[in-house]
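Let's take a walk through this protein chain together. Have a look at the sequence and the structure first, then read on.

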Amino acid sequence: MGKKFTGFRMNEQVETQLNVLELMIKDKPERFLHAPENRSALINLMLGDYANFLITNFKKGKSYDALKKQLTDLNTRKPISKNERLIQANFDKLSAILYLLISTNQSLQRLDMNDWRNIQSMYKQGTVEHEIYNKLKDMVEEDKIKAVKNAKQAGRRIKE
């Protein structure tokens, strides 16, 4: 287990699943903040994330079987409550507001008041809107991390 290795063999089922996953990523790369560019990058990303997930939960005393069950139970659909529908509706409205803000920014930069007609998806890689969206998301995440750190230093507990 401690030896460094540079390759491994996949069984046929894993190979098929990886092929399906690659097609899904190619079809909608916006599912990733930074989509892996090749199979090796995808495998490294998944193994790294999964290893971190396992390490974190093993430190909490959880077993592999319990974690596997937890992950597979995520696939079961639960009925959506009224509050969850309202929260989703609010997120949709916030997304629309964000689109309008991005469009306004682009209109001002291009000095074209009809630029809102040209707005593109903020989830489609390669668009200006996607770049702006990612920068805003990164800024929000950095602010959240700073707020949590400051609160912890001040001795307060807040939800992360």
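## Helices first

A helix here is a DSSP run of type H or I with at least four residues, and helices are numbered from the N terminus. Keep in mind that you're looking at a predicted model.

So what is the chain built from? The protein chain has 5 helices and 0 strands, and reading from the N terminus you get α-α-α-α-α.

## Inside and outside

Side chains of opposite charge can pair when their charged atoms come close. The whole structure has 2 salt bridges.

In one of them, Arg39 pairs with Glu15, with the closest N and O atoms 2.7 Å apart. Arg39 sits in helix α2 (residues 39-59) and Glu15 in helix α1 (residues 12-27), so this pair ties together parts that are 24 residues apart in sequence.

Arg39 also forms a salt bridge with Glu22, and here the closest N and O atoms are 2.6 Å apart. This pair links helix α1 to helix α2 as well, across 17 residues. Shared partners join Glu15, Glu22 and Arg39 into one network.

## A negative patch

With a relative accessible area of 48%, Glu142 is partly exposed. Asp138, Glu141, Glu142 and Asp143 gather there in a patch of negative charge.

Conventions: Residues numbered from 1 in each chain as written. Predicted model: local features only at pLDDT ≥ 70, side-chain atom pairs only at ≥ 80, totals over all residues. Heavy atoms only, no water. Patch = residues over 30% accessible without salt bridge, like charges linked within 9 Å, V, L, I, M, F, W, Y side chains within 5 Å. Areas by Shrake-Rupley, 256 points an atom, 1.4 Å probe, with all protein chains shown as cover. Salt bridge = Lys/Arg side-chain N within 4 Å of Asp/Glu carboxyl O. Lys, Arg positive; Asp, Glu negative; His and termini not counted. Charge placed at Lys NZ, Arg CZ, Asp CG, Glu CD. Buried < 20%, exposed > 50% of the residue type's maximum accessible area, 1.4 Å probe, protein only. Helix = DSSP H or I, 4+ residues; strand = E, 2+ residues; numbered from the N terminus.
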